[in-house]
Amino acid sequence: MRFNLNLKECEVTSRALWASRRDFLRQTMTAGLGGWIAAPLVAKAGSLGAKPNPAFRVSDPTTPLEKVTTYNNFYEFGTSKEDPAQQATDFKVRPWKVVVEGEVNKPQTFDLDDILKLAPLEERIYRLRCVEAWSMVIPWIGFPLKELLNRVDPRGNAKFVELISLMDPDQMPGQKNAVLDWPYREGLRLDEAMHPLTLLTVGLYGDVLPNQNGAPVRIVIPWKYGFKSVKSIVRIRLTETMPVTSWMKAGPSEYGFYANVNPAVDHPRWSQAKERRIGDFLKRPTLPFNGYADQVASLYSGMDLTKNF
Ligand code: MTE
């Protein structure tokens with residue numbers, strides 16, 4: 001299965017380029033609320049009360065909320081960019097449990113409320129670079145995944161972490177089509193999962209995750225292509241061997257396990273040298289590791305990143 005590369009949708013320029021705070025509030029009151037109103041988790045604006053973490057924020061202007069919530073990849077709710085905002089409105093995100101199991105000494109099932117109490121919530125502004133060569137800048141809310149993993153006490157032989165989305169074709173109509181091997185599965189090496197940048201994410205732009213952005217809990221790994229950032233996670237499994245991910249299964253020559261953003265290694269069908277920031281007209285050069293090389297390049301020292309793409 002292939003991504004639907006539709007650059008035309010990325011080329012929208014009619015809107016003001018960046019959301020000022022006023023614009024953001026206005027958008028929140030109007031179009032951007034679509035998915036939020038329907039989400040049972042929704043309460044009040046800014047309800048998560050996360051503290052901005054100045055150590056983890058890029059200075060690039062943030063992508064307007066309206067774009068963040070209407071231009072999505074969430075194949076469980078359809079393969080067009082606008083499908084998830086329209087089809088995920090009734091998605092039930094409470095109650096929600098996340099099973100953490102596998103090569104751990106203390107396997108545990110966490111209720112969403114328990115997860116929210118595990119560590120202080122932070123706001124971090126990260127770039128998200130999709131493999132389709134578009135990107136956004138989003139103020140996410142969450143805490144490092146390692147805070148959760150440390151609770152279950154990984155065993156010495158745990159080398160990888162598998163992240164698995166909900167399987168529920170009644171709620172997720174896209175799962176009735178075999179576009180991917182459901183449920184959506186991704187994986188990380190344990191040291192990548194434990195890296196301080198890897199964010200267990202429960203919100204964006206001050207509030208809970210809109211359904212279309214992976215409510216109620218997802219992962220964000222800013223130096224990797226966006227498809228690694230699994231949405232609506234229900235299971236996290238620590239393993240000794242490298243998990244086979246949904247995208248590796250769908251197209252092994254196109255989607256590798258590492259999926260580090262790398263302008264020097266093209267996707268077989270298109271260049272990865274440049275990207276279109278959603279809202280921009282011109283493309284910009286893509287940065288190695290999506291601009292996070294100082295923090296993460298050492299994880300891959302000695303590895304041939306052409307082979308380990
Ligand atoms: N997670 C699930 N479960 N299903 C998906 O289709 N798409 C991925 C990722 N996580 C996807 C997913 C891709 S390709 C991208 S680019 C990001 O989610 C998009 O996240 P966003 O919609 O919040 O920008």
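**A tour of the ligand site**

Start with the whole protein, a predicted model, coloured by pLDDT (the predictor's confidence in each residue, from 0 to 100): the mean is 89, and 85% of the residues reach 70 or more. Residues are numbered from 1 along each chain as its sequence is written. Local features here need pLDDT of at least 70, side-chain atom pairs count only at pLDDT 80 or more, totals for chains, interfaces and linings use all residues, and side-chain values use heavy atoms, without hydrogens or water.

Next, select residues 4-45, where pLDDT stays under 50. Where pLDDT is low, the predicted coordinates should not be read in detail.

Zoom in on the polar contacts (N or O pairs within 3.5 Å). Show Glu-76: an N or O atom of its side chain is 2.8 Å from a ligand nitrogen. At Ser-165, a polar side-chain atom lies 2.9 Å from a nitrogen of the ligand. Finish with Lys-231, whose polar side-chain atom is 2.6 Å from a ligand oxygen.

How much of the ligand does the protein bury? Taken alone the ligand exposes 530 Å², and the protein buries 99% of that (Shrake-Rupley method, 1.4 Å probe).

Terms used
Contact means heavy atoms within 4.5 Å. A polar contact is a pair of N or O atoms within 3.5 Å; within protein, one must be able to donate a hydrogen and the other to accept it, and residues adjacent in sequence count only if both atoms are side-chain atoms.
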